[in-house]
Amino acid sequence: MPRNVSILGVTGSIGRSTVDLIARDPDGFAVEAITANRDVEGLAVTARQLRAKVAVIGDATQYQALKQALAGSDIEVAAGSDAIVEAAGRPVDWTMSAIVGSAGLKPTMAAIRAGATIALANKEALVCGGDVVTAAAHENGVRLLPVDSEHNAIFQCFDHDWPLRVSRVILTASGGPFRSANIETMRHATPEQAVAHPTWSMGTKISIDSATLMNKGLELIEARHLFPVSAEQLEVLVHPQSVVHSLVEYVDGSVLAQMGTPDMRTPIAYTLAWPERMATPCERLDLARIGRLDFEAPDEQRFPALGLARAAMVAGGARPAVLNAANEIAVAAFLNRRIGFLDIARVVAGTLDAYDPPAPESMDDILIIDAEARAHAEQAVVRLN
Ligand code: NAD
Ligand code: MG
């Protein structure tokens, strides 16, 4: 029997890598729903390629365009953010959650409530709604399998039966394109320079987050929700080659690491096949050719986003949701050339100073905090101009 799967954010970087794996085994998978935000053409081509049951475009004004693009097929068509949530809630065995940003929270929650195993790439959903998401997963008996390479590595190395034997969890970071840049270079960095990641090819937003190291900050919070570890046990280590994807240290001093070439199809395949393994076409790791692996401590002076995220993680409550929303606004403002590269962390810090709501207790609370934090961050952007 083929496994029923859905892919949320199918036109993105993670979405396309997922399609690549699934398309190699047409008898192994039956595709239920695929979703995208605005890329009608990409969505329609993928819907035909995978023979999906339903294709949903987030931008409601694109409904007719999608209908036309899929004319003559028996693929169902829908549009709008509610339609994405509805499609995400259709019963399947496995769902790839790969929408970018807090926009992925409601669809991810719908997939969890429908009981699918979740391959979780959408880290912002965990950052802004971690407690609600993990509680829903627990209630519905749903496994959250981390796609993020670091968390996938930790998942593979972590002793899930005996978590008290783990003493530290060390997330590696490539350091991004400005790892060894001076502060003046960073001040004048353009979106083109910031998006040019040295080792990974990824979507725009996460590439900017990698350049500010906010990505690693979001990942600390993500790890806190995915694994039974304290904030003090979580560390960040810069490793420019992106070969060691993360490490788990045990009380006896043993350190386990997962390694591989930087290709997201490896962690995606891990979540697709789990608890089995499947073959992938990914390039094999050739350590003799790489020759050396380097490690260094992160520079929190040049990369203040890391400290902001760590503080939000320790404080908990609404802080991670405010941090995440402010960062989404700041990254968009930087990409639109409204603010400079170093202003991204300023907008986030300013928003955290200006807005400190009580801890959310429900998904509705989170969505309100997310919206209000965005409005505060927007004001911070305007003040910088
Ligand atoms: P991307 O920008 O390439 O793709 C995002 C996808 O989400 C697209 O399909 C887009 O249509 C959809 N989308 C965007 N906004 C939406 C909205 N408002 N409503 C509905 N759909 C929307 O992003 P990506 O790099 O594939 O990243 C996806 C997620 O995976 C992010 O949370 C990212 O942090 C995480 N992640 C990505 C990588 C990577 O290598 N790309 C690695 C680790 C984690
Ligand atoms: Mg990562």
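These legends describe close-up views of a predicted model. Local features need pLDDT of at least 70 and side-chain atom pairs pLDDT 80 or more, while totals for chains, interfaces and linings use all residues. Residues are numbered from 1 along each chain as written, ligands are numbered from 1 in written order, and side-chain values use heavy atoms, without hydrogens and water.

**View 1. The magnesium ion (ligand 2) and its donors.** Asp148 (OD), Glu150 (OE) and Glu219 (OE) coordinate the ion at 2.1 to 2.2 Å. Donors are N, O and S atoms within 2.8 Å of the metal (3.2 Å for Na, K and Ca); water is not among the atoms, so sites may look incomplete. Along the chain, the donors follow the spacing D-x1-E-x68-E. Asp148 and Glu150 are both buried (buried: under 20% relative accessible area; exposed: over 50%; partly exposed: in between; 1.4 Å probe, protein chains only).

**View 2. The salt bridge between Lys123 and Glu219.** The closest N and O atoms are 2.9 Å apart. A salt bridge puts a side-chain nitrogen of Lys or Arg within 4 Å of a carboxyl oxygen of Asp or Glu. Lys123 is buried at 4% relative accessibility. Glu219 is buried too, at 1%.

**View 3. The salt bridge between Arg168 and Glu249.** Their closest N and O atoms lie 2.7 Å apart. Arg168 is partly exposed, at 27% relative accessibility. Glu249 is buried, at 16%.

**View 4. The salt bridge between Glu328 and Arg374.** Here the closest N and O atoms are 2.7 Å apart. Glu328 is buried, with a relative accessible area of 14%. Arg374 is partly exposed, at 22%.
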